[in-house]
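User: Could you take a close look at one part for me, the surroundings of the ligand? I'd like to hear how that region is put together and what sits next to it.

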Amino acid sequence: MDNLKVVVIGAGMGGLATAIAMRHAGYEVEVYDRVQELKPAGAGISLWSNGVKVMNRLGLGKEIAQIGGPMNRMTYINKVGETLTDFSLAPLIEAVGQHPYPVSRTDLQQMLLTAFGEEDVHLSSKCVAVEQTEDKATAIFEDGSRVSGDIVVGADGTHSVVREHVLGHATQRRYAGYVNWNGLVEADKKLADKESWVIYVGDSQRASMMPVGGDRFYFFFDKPLDYDIEPPADLQAELAEHFEGWAEPVQRLIAQLDPDATNRVKIHDIDPLSAFVKGRVALIGDAGHSATPDLGQGGCQAFEDAWVLANSLLTTNLGVADALKRYEGLRRDRTAEVVLKARKRADMIHGKDPDRTQEWYDNLANADGDTIIGAISGLILQGPLK
Ligand SMILES: Cc1cc2nc3c(=O)[nH]c(=O)nc-3n(C[C@H](O)[C@H](O)[C@H](O)COP(=O)(O)OP(=O)(O)OC[C@H]3O[C@@H](n4cnc5c(N)ncnc54)[C@H](O)[C@@H]3O)c2cc1C
């Protein structure tokens, strides 16, 4: 189909990737976000090869490689500093045909904004409802203004308003039982190998660093905690207490991080949805599938959605509703699998069944990388771009 107008609600990584893909398809695109200034939530993100392939396909291959970190190895270390396994990611890259890139979220957002055109994103535009007729869909904003198009795409994240229109009811988020702290620090060999994704594990919690562009590490910590525990005022003291007795680089990381630029997030997900689409309205990204970050795939799936949605519109002439149904058919099972696998992995990592977590540690101590690489590449190769 040609000559479509697409209205995208949300200028996160999913909404911007959708906007770029739609423009590539030759469609008129308008993007709206509720914020006054676009600042990505979170510090870094690992873009696995399936996500990078979508960027390549949208003409952003050089740009993504420039902001990506040199993650060439993967290293698991126990809490007292003994290496459990350390292996090259070269077999993964060979199997899937593309390097994965950890990136800073600010760099990623800027790259996507520059590619789409910053001036084309309408800010301070909070969508409060969506309506549709047989021949158009309309987003309604807090100030009463309305914007119509052939399609409205809900890329408005895990608290999506558009999702309620698609499903006809509100959705409950589920606390995954653990807290994540994340930020950026200057890369430093005393903290970790500058070319490896390093993960310290023990006591059902983790401390991790991965290299992003600009000679920095994206770091995270995670730990199971009751939902109601209030965060103490001193973030470094909180981490020092949770990671007391862990290896020296972990202590150094806690000392070197900037507490004011470190995020503390209670991790949630949402049960797989029964629908992604209603008539002329489609959900993409976290609006359609909110996963725990334990596979590092949420954003990558948003990129896959963007590509498949644009392609579904381009490759049919039976009408918008038909194209959106095809999109839903291609994406629902794939993303449901990611949500459920991520949940299972979150439980394994965070001691839901302590015997299972111990078994994972034991397996890591005997792993040569093949099984881990097999699992990651299997998930990547199920994506739309082989
Ligand atoms: C700790 C953590 C680590 C993660 N690590 C990874 C990783 O390594 N790899 C990976 O691929 N994924 C990762 N993810 C998941 C990833 O962050 C999300 O899947 C991704 O950000 C989803 O993008 P999105 O565009 O769908 O939503 P968002 O990034 O949430 O963007 C939604 C946008 O919509 C706007 N918006 C919301 N409501 C409205 C409204 N009513 N009207 C207008 N605008 C609105 C918001 O302001 C925002 O700009 C991680 C997540 C977490 C929490």
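Analyst: Sorted by class, the shell around the ligand holds 14 nonpolar, 15 polar and five charged residues. Here Ala, Val, Leu, Ile, Met, Phe, Trp, Tyr, Cys and Pro count as nonpolar, Asp, Glu, Lys and Arg as charged, and the others, Gly among them, as polar. Bear in mind that this is a predicted model: local features need pLDDT of at least 70, side-chain atom pairs count only at pLDDT 80 or more, and totals for chains, interfaces and linings use all residues. Residues are numbered from 1 along each chain as its sequence is written.

In total, 34 residues surround the ligand, and the closest are Gly 10, Gly 12, Gly 157, Gly 285 and Gly 298. A residue is near a molecule if its C-beta atom, placed from the backbone, lies within 6 Å of it. Helix 1 (13–24), strand 3 (44–47), strand 12 (174–186) and helix 9 (298–314) each supply at least two shell residues, with helix 9 giving the most, four. Helices (H or I, at least four residues) and strands (E, at least two) are DSSP runs, numbered from the N terminus.

Strand 12 and strand 16 pair in the antiparallel sense over six bridges, and Val 179 has Lys 266 in strand 16 as its bridge partner.

Definitions and conventions:
Pairing = 2+ DSSP bridges.
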